[in-house]
Amino acid sequence: RFHRFINHSKGIQVLILCCSIWLLTQDLSFLVGSTIVTISLSLCGGFLPYTSMPDVPHALQWLSPIKYSYQAMALALLNGTSAEKMIDLAGYNTPGSITENVHILGGIF
């Protein structure tokens with residue numbers, strides 16, 4: 001299960017790497033990359049479940065690549081356990097499989 005956490009953190013590293021490639025200075029890359037990661041983390045559903053989010057952040061969550069990696073990790077950890085009902089309660093069932101989340105991440109990157 002630890003390797004899933006490592007894969008989740010690699011998504012964050014890829015966002016920072018892309019910013020450092022596309023932007024002119026290291027300071028600007030760090031600023032923009034950190035901003036993107038902070039917004040993505042706030043929309044991933046880890047702090048506030050999707051079912052409790054206001055309308056605008058709930059709509060923006062679909063743009064967050066961290067949402068898909070976090071959701072795939074939650075599905076992998078909770079499916080088949082006594083905590084499986086948390087998937088439905090927190091709204092982690094759309095897209096409903098790990099494969100669908102990984103395909104969307106592939107499309108984003």
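How much accessible surface does the protein have, and what share of that surface belongs to carbon and sulfur atoms? The total comes to about 6,900 Å², and 68% of this area belongs to carbon and sulfur atoms. As you look around, keep in mind that you are viewing a predicted model.

Let's start with the overall build. Of the 109 residues in the protein, buried ones make up 30%. Now consider contacts between residues at least 6 apart in sequence: 51% of these join residues at least 24 apart.

How far can the picture be trusted? The average pLDDT of the protein is 79, and 89% of the residues score at least 70. Residues 1-6 are a place for care, with pLDDT below 50. Beyond near neighbours in sequence, this stretch has six contacts in the model. Where pLDDT is low, the predicted coordinates should not be read in detail.

Next, turn to one pair of helices. Helix 4 covers residues 65-78 and helix 6 covers residues 98-108. Their axes lie 9 Å apart, and the two pack at an angle of about 160°. Angles over 145 degrees count as roughly antiparallel, and therefore helix 4 and helix 6 are roughly antiparallel to each other. The crossing in which helix 4 passes helix 6 is left-handed.

To find where they touch, look on helix 4 for Pro65, Tyr68, Ser69, Gln71, Ala72, Leu75 and Ala76. These residues meet Ile98, Asn101, Ile104, Leu105 and Ile108 in helix 6.

Notes:
Residues numbered from 1 in each chain as written. Predicted model: local features only at pLDDT ≥ 70, side-chain atom pairs only at ≥ 80, totals over all residues. Heavy atoms only, no water. Buried < 20%, exposed > 50% of the residue type's maximum accessible area, 1.4 Å probe, protein only. Contact = heavy atoms within 4.5 Å. Areas by Shrake-Rupley, 256 points an atom, 1.4 Å probe, with all protein chains shown as cover. pLDDT = per-residue confidence, 0-100. Axes fitted to C-alpha atoms, helices over the stretch in contact; angles between N-to-C directions. Helix = DSSP H or I, 4+ residues; strand = E, 2+ residues; numbered from the N terminus. Parallel < 35°, antiparallel > 145°, perpendicular 65-115°, else oblique. Left-handed = near helix turned anticlockwise from the far one by under 90°.
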